[in-house]
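Please consult the sequence and the structure shown below while reading.

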Amino acid sequence: MRNIPTDLLRTFLAVIDLKSHTRAAEQLGRTQPAISLQMKKLQELLDVSLFVKDAPTQPTESGELVATYARQMIALNDEMVLRLSKREGKGKIRLGIPNDYADHFLPRLIPRLKESGHDFTFEVVCDLSHNLLQGLRNGVFDIVVAMTPDGPAEGAFMTWKEPLTWVGDVNDALATKHGEQMRIVCYPEGCLYRRAMLTALQREGRGYELVYTSPSLAGLEAAVGSGFGNSVLARRIVPTKLKMPDADLNLPRLADVVVGIYLSADKRRSPVAESFAAYFADAFLAE
């Protein structure tokens with residue numbers, strides 16, 4: 001009887017869902033040749049063609065069948081590990097996550113976990129991404145969600161690109177002329193939003209003034225929402241009280257950041273960390 005590793009099935013689903021070997025590689029934190037080798041190995045194990053000959057990411061009828069079972073198998077695998085961890089009292093997860101991601105995603109994720117019968121103990125630390133990645137390397141965390149500017153850091157479990165946007169209280173609060181100074185509200189030095197914002201302004205020779213710095217999203221939201229200044233955030237986590245500018249304002253273009261979920265390589269990490277990371281990734285990508 002042949003055994004099919006779940007990591008091959010996860011990769012197969014990423015390829016067909018994202019319709020790209022390259023994007024699957026970026027999301028899973030692997031190289032494109034590694035993805036291709038995994039797909040070759042899976043096809044050899046199953047002894048079927050999984051992809052249409054002239055469409056390398058479109059599943060054949062056999063591929064569709066495999067995808068259906070793969071989703072069930074991965075869900076059962078993760079469910080089993082998570083439920084066993086609860087019974088064995090090993091459900092503590094040490095999680096490092098940027099402040100704004102914690103504010104946006106954790107209130108959505110935790111109730112979903114409780115509804116599905118899981119009762120984890122979390123130790124959550126919010127910090128700048130580079131500090132979180134350093135903590136992961138030092139064994140402080142089991143899982144880290146972190147942003148990087150030019151591609152994923154080493155050892156990513158899954159990654160995706162996150163578009164950034166300017167934010168203000170209303171459109172006319174944003175300085176749009178080259179002779180005007182933009183009043184900038186931002187996280188402390190080391191934040192990638194801050195770096196992307198200032199790089200974009202400097203690239204176009206736009207003047208700016210740093211008028212407010214806060215380590216919390218609530219602080220930034222209060223300052224921007226009161227018209228004190230403007231900032232940059234990930235597009236999909238912009239608080240409802242803040243406004244994204246109209247395209248015709250011609251604000252400096254912002255580079256995307258790469259967001260990754262990272263697992264500790266420490267053998268002492270929580271035994272449920274990988275399964276929880278997969279559950280966590282689904283919550284991020286579902287939005």
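**Overall make-up**

The model is predicted. The chain holds 9 helices and 11 strands. It comprises 287 residues, of which 47% count as buried. When contacts between residues at least 6 apart in sequence are considered, 77% of them join residues at least 24 apart.

Two packed helices are described by the angle between their axes and the distance between the axes.

| Helix pair | Angle between axes | Axis distance | Crossing |
|---|---|---|---|
| α1 and α2 | roughly 125° | within 8 Å | right-handed |
| α1 and α3 | about 115° | 9 Å | left-handed |

Helix α1 spans residues 6-18 and helix α2 spans residues 21-28; their axes cross at roughly 125°. Because angles of 65 to 115 degrees count as roughly perpendicular, the value for this pair makes α1 oblique to α2. From α1, the contact draws on Thr-11, Ala-14, Val-15 and Leu-18, while α2 supplies His-21, Arg-23, Ala-24, Gln-27 and Leu-28. By residue class, this contact between α1 and α2 consists of 5 nonpolar, 3 polar and 1 charged.

Helix α3 covers residues 32-46. The axes of α1 and α3 meet at an angle of about 115°, and the two helices are therefore roughly perpendicular to each other. On the α1 side the contact is formed by Asp-7, Leu-8, Leu-9, Thr-11, Phe-12 and Val-15; on the α3 side it is formed by Ile-35, Gln-38, Met-39, Lys-41, Leu-42 and Leu-45. The contact of α1 with α3 divides into 8 nonpolar, 2 polar and 2 charged residues.

**Nonpolar cores**

Which residues of the largest nonpolar core touch the most other members? They are Phe-12, Tyr-101 and Tyr-193, in a core of 79 residues. Helix α9 (residues 273-286) gives the most to this core, contributing 9 residues. Beyond its neighbours within four places in sequence, Phe-12 is in contact with Met-39, Leu-42, Leu-50, Phe-51, Gly-63, Val-66 and Ala-67. Another core, of 8 residues, lies apart from the largest one; its members include Leu-133, Phe-141, Ala-146 and Ala-156.

Gln-38 is located in helix α3. Is this residue buried or exposed? With a relative accessible area of 12%, Gln-38 is buried, because the cut-off for that class is under 20%. Neighbours within four places in sequence set aside, the contacts of Gln-38 are Asp-7, Leu-8, Thr-11 and Arg-30. Asp-7, Leu-8 and Thr-11 also belong to the α1 side of the contact with α3, to which Gln-38 itself contributes.

Asp-100 is part of helix α5, which runs over residues 99-115. Its relative accessible area is 2%, so Asp-100 is buried. Which residues does Asp-100 contact, leaving aside neighbours within four places in sequence? Tyr-187, Tyr-193, Leu-217, Leu-233 and Ile-237 are in contact with Asp-100. One of these, Tyr-193, is among the residues that touch the most other members of the largest nonpolar core. Asp-100 and Ala-234 are 134 residues apart along the chain, and their C-alpha atoms are separated by 8.9 Å.

How values were computed:
Residues numbered from 1 in each chain as written. Predicted model: local features only at pLDDT ≥ 70, side-chain atom pairs only at ≥ 80, totals over all residues. Heavy atoms only, no water. Axes fitted to C-alpha atoms, helices over the stretch in contact; angles between N-to-C directions. Helix = DSSP H or I, 4+ residues; strand = E, 2+ residues; numbered from the N terminus. Parallel < 35°, antiparallel > 145°, perpendicular 65-115°, else oblique. Left-handed = near helix turned anticlockwise from the far one by under 90°. Contact = heavy atoms within 4.5 Å. Nonpolar A, V, L, I, M, F, W, Y, C, P; charged D, E, K, R; others polar. Core = buried A, V, L, I, M, F, W, Y, C linked by side-chain atoms within 4.5 Å. Buried < 20%, exposed > 50% of the residue type's maximum accessible area, 1.4 Å probe, protein only.
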